[in-house]
Amino acid sequence: MSNRMFILLAVTCILIESIDTIVYAGHLNNVVIISIDALHPDALQQAKIPTLSKLMRSGSYTLDGNSTEPPKTLIAHTAMFTGLAPGESGKVDNNWIPGEATVQKPTIFDSVQRNGFKTGYFYSKEKLGYLVNNAVDVHEWSRDNAIDSAGAFIKTPGRHFVFLHVSGLDKVGPEYGWLSSAYIEELSYIDDYLSSLVELISVEKNYLIIITSDHAGHEKIHGSDHLQDYRLPLIVCSDTVAVKRFQGIPFSVIELKKSLEDLVENAP
């Protein structure tokens, strides 16, 4: 084979590989994961939540999710992002401040970026900045405006992957109690706030929405070894990929990364 033919063949292989990478995620335009911090799955059956209820009806869901050991915010989110248990990811404490080392393991952002998505990460607890790496195109910490920032990002040109962390229940639970009237009211408020974002994603078509949590709690306590503290829900809804297999199954936050990759890779 001549050098010219060899070079042409090599270039052709590279182009084919590039095309395969670009279309790997099928026709999904928007993939959005929403983590509602401290969401007890039983609250989904008690609160007035038309937005989340619609996603549960049209997609699939389980109330049999399980957090990490221990069931704490940063530890659980690191497991979501990396697909690794705390001992494997290296994140076994619940603390981080800017300037400290960030996550070193590959995360869900690395996976989706390879599939041609613009990546956005919007979070309402500063310590979740630990999970920002080079595969995150846009990120913002905001106690109150994370939902709005995610919506603004989705309105930009291109195909989007968003991880959105929503706070509120994690404050009401310790003050008034998990599943208290104040807690249920806060979830209804969050549901209403999310309605415009979910509508935006749905109107765009070719979407995948995943809603879950990092942990729950009991009475006014969380992060303990009480069984209720480990519980969490999973809601999966899409107009493009089949999601019925998630209905009623046991689920771990550690499985989120693999589940997301399977859904994206199997998009038609």
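The following legends describe close-up views of a predicted model.

In this predicted model, local features require pLDDT of at least 70 and side-chain atom pairs count only at pLDDT 80 or more, whereas totals for chains, interfaces and linings use all residues. Residues are numbered from 1 along each chain as its sequence is written, and side-chain values use heavy atoms, with hydrogens and water left out.

**View 1. The open sheet of 8 strands.** The strand order is S4-S3-S5-S1-S6-S7-S2-S8, with mixed pairing. Strands are DSSP runs of E with at least two residues, helices are runs of H or I with at least four, and both are numbered from the N terminus; two strands pair if DSSP finds at least two bridges between them. Strand S4 (138-141) and strand S8 (251-252) each have a single partner strand, so one side of each edge strand lacks a neighbour in the sheet. Strand S2 (residues 60-66) runs parallel to S8 and is joined to S8 by 2 bridges; Gly65 stands opposite Phe251 in S8.

**View 2. Helix H8 across the sheet.** H8 lies across S1, S5 and S6, at about 170° to S1. Axes are lines fitted to C-alpha atoms, for helices over the stretch in contact, and angles run from 0 to 180 degrees between N-to-C directions. Helix H9 (residues 256-265) also packs on the sheet, touching S1, S5, S6, S7 and S8, and makes about 165° with S6.

**View 3. The largest nonpolar core, of 40 residues.** Such a core is a set of buried Ala, Val, Leu, Ile, Met, Phe, Trp, Tyr and Cys residues joined through side-chain atoms within 4.5 Å; buried means under 20% relative accessible area (1.4 Å probe, protein chains only). Residues with the most contacts inside this core include Ile34, Leu164 and Leu194. H8 supplies the largest share, 9 residues. Beyond its neighbours within four places in sequence, Leu194 is in contact (heavy atoms within 4.5 Å) with Ile34, Ile36, Thr51, Ile147, Leu164 and Val166.

**View 4. The enclosed helix H6.** Because 7 of its 9 residues are buried, H6 is largely enclosed by the rest of the structure. The buried residues of H6 pack against S1, strand S3 (118-123), S4, S5 and H8.

**View 5. The aromatic pair of Phe109 and Tyr121.** Both Phe109 and Tyr121 are buried. Rings of Phe, Tyr and Trp (its six-membered ring) pair if their centres lie within 6.5 Å; planes under 30 degrees apart count as stacked, over 60 as edge-to-face and the rest as tilted. This pair is tilted, at 5.6 Å centre to centre and 55° between the planes.

Methods:
Buried < 20%, exposed > 50% of the residue type's maximum accessible area, 1.4 Å probe, protein only.
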